[in-house]
Amino acid sequence: MNSFGKRAQGERLERMRASAMWDGLVFRNIHPALPGLRDASVPRPTLKEFLSAGDRRAPAGPLPSLDPRAAWSRPAQSGLRATWLGHSTVLIEIDGHRVLTDPVWGTRASPFRLLGPRRFQPVPLRLRQMPEVDVVVISHDHYDHLDYPTIRALARHSSVPFVTSLGVGAHLQAWGVAAERITELEWWESHRVPGTGLTITAAPSQHFSGRGFKDRNATLWSSMVVRSGRHRVFFSGDTGLTTEYAAIRERLGPFDLVMLEVGAFHPAWGDIHLGPVNALKAHALLGGGAFLPVHWGTFSLAMHAWDEPVETLLQLAPSQGVPLLMPRLGEPVEPVAQAPVLPWWRTLQPAGSGTPRPAPDHPIARDLPWPLD
């Protein structure tokens, strides 16, 4: 059960308790959720419904993917390049340095090997095939962002430093990451990555945290901003729409690349995930920049069709003048290269295909609402 992680203690816990986001027992969102984000008239799906594979919640076959190593062997012409490796895992190359966000190579977004959302297909390359990175950035401790087997491998086979949100370091340290490799940030705190010229800043998001039934909001959740002397990148982690994005733009922008979560949305939890429509609103609040959608195309974490987020973006973004980046898995892209979007995901998923799978019929699964926030 090591994948559940560990609660903070000692000096780490004392620092958490001093945070403005700590309410005396747990972390909290400072700003109230915007009106209308959560539709109270829509019941939450039960865990049983969530675990069932409804129509078109997964692609009919493997998605197109590329091996990016040949491209990575050449420097980015503009100095900024991003490679989406699945879900919220992105390798950012920024002025000669590499930043890896929310690395998840595990097969399930779950504490269990045989239960929980299974990824649609493997990452385009094995973790051991990855180049050396200068820093790993982890937004929060949910299973689809903080993956036990991936962290264990990084702890054993590399000396890469980690930058994350307050409290998450307790999990990392329990899994073998040395304390001196871990930097934990409160919102608006910054860390200069030694030897790189990169600054990473934790910024507000509207979400929650936890890896079990008894640790809800015991660690902080954040968006993250990566800055060099020439470029600025915004990474949302997980979030609902918040007006704090305007403050992020004012304090840390403008951004060359904006990576926003677009999947796992539902009317009953619209305050904790963006979805494509609110992601476009968030993009406007952030002041624009090339928009790379993340948090889609890897796990089925809601009730919508697997490709609905990007189909909606493709329909709405052009009329709003939003420059979309929609690369295939493993395809390096430079934000300055405004290539037309090719809907590559349509090549394998004809409308209406997919076979629903029955969910386990258990009293807990039958009645328990999801997500547990």
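**A histidine and what lies beyond**

Modeller: The side chains of His140 and His142 make a polar contact at 3.3 Å. A polar contact is a pair of N or O atoms within 3.5 Å; within protein, one must be able to donate a hydrogen and the other to accept it, and residues adjacent in sequence count only if both atoms are side-chain atoms. This is a predicted model, in which local features need pLDDT of at least 70 and side-chain atom pairs count only at pLDDT 80 or more, while totals for chains, interfaces and linings use all residues. Residues are numbered from 1 along each chain as its sequence is written, and side-chain values use heavy atoms, with hydrogens and water left out.

His140 has another polar partner. Its side chain joins that of Ser139 at 2.9 Å. His140 sits in the loop between β4 (135-138) and α4 (148-157). Helices (H or I, at least four residues) and strands (E, at least two) are DSSP runs, numbered from the N terminus.

His140 has 1% relative accessibility, so it counts as buried. Buried means under 20% relative accessible area, exposed over 50%, and partly exposed in between (1.4 Å probe, protein chains only). Leaving out residues up to four places away in sequence, His140 touches His145, Leu146, Val168, His207, Phe208, Leu220, Trp221 and Asp238. Contact here means heavy atoms within 4.5 Å.

Now a buried charge. Arg181 lies in the loop between α5 (169-174) and β6 (182-185). Arg181 is buried but has no salt bridge; Glu180, the nearest side chain of opposite charge, is 7.4 Å away. A salt bridge needs a side-chain nitrogen of Lys or Arg within 4 Å of a carboxyl oxygen of Asp or Glu. Lys and Arg count as positive, Asp and Glu as negative; His and the chain ends are not counted. The Arg181 side chain reaches backbone oxygens instead: that of Val160 at 3.0 Å and that of Ala155 at 3.5 Å. Beyond four places in sequence, its contacts include Leu154, Ser158 and Phe162.

Next, the rings. The whole structure holds 10 aromatic pairs. Rings of Phe, Tyr and Trp (its six-membered ring) pair if their centres lie within 6.5 Å; planes under 30 degrees apart count as stacked, over 60 as edge-to-face, and the rest as tilted. Trp22 and Phe27 have ring centres 5.0 Å apart and planes at 85 degrees, so they are edge-to-face. Trp22 and Phe27 are both buried. Trp296 and Trp345 are also edge-to-face, because their planes stand at 85 degrees, with centres 6.2 Å apart. That pair links distant parts of the chain, 49 residues apart: Trp296 is in the loop between β12 (290-294) and α8 (308-316), Trp345 in the loop between α8 and α9 (363-367). Trp296 is buried at 5% relative accessible area, and Trp345 is buried at 0%. Ring pairs join Trp84, Trp296, Trp306, Trp344 and Trp345 into a cluster.

Charges also sit over rings. Arg211 lies over the face of Tyr143, 3.9 Å from the ring centre. The charged end of Arg251 sits over the ring of Trp188, 3.8 Å from its centre. The rule asks for NZ of Lys or CZ of Arg within 6 Å of the ring centre and within 35 degrees of the ring normal.
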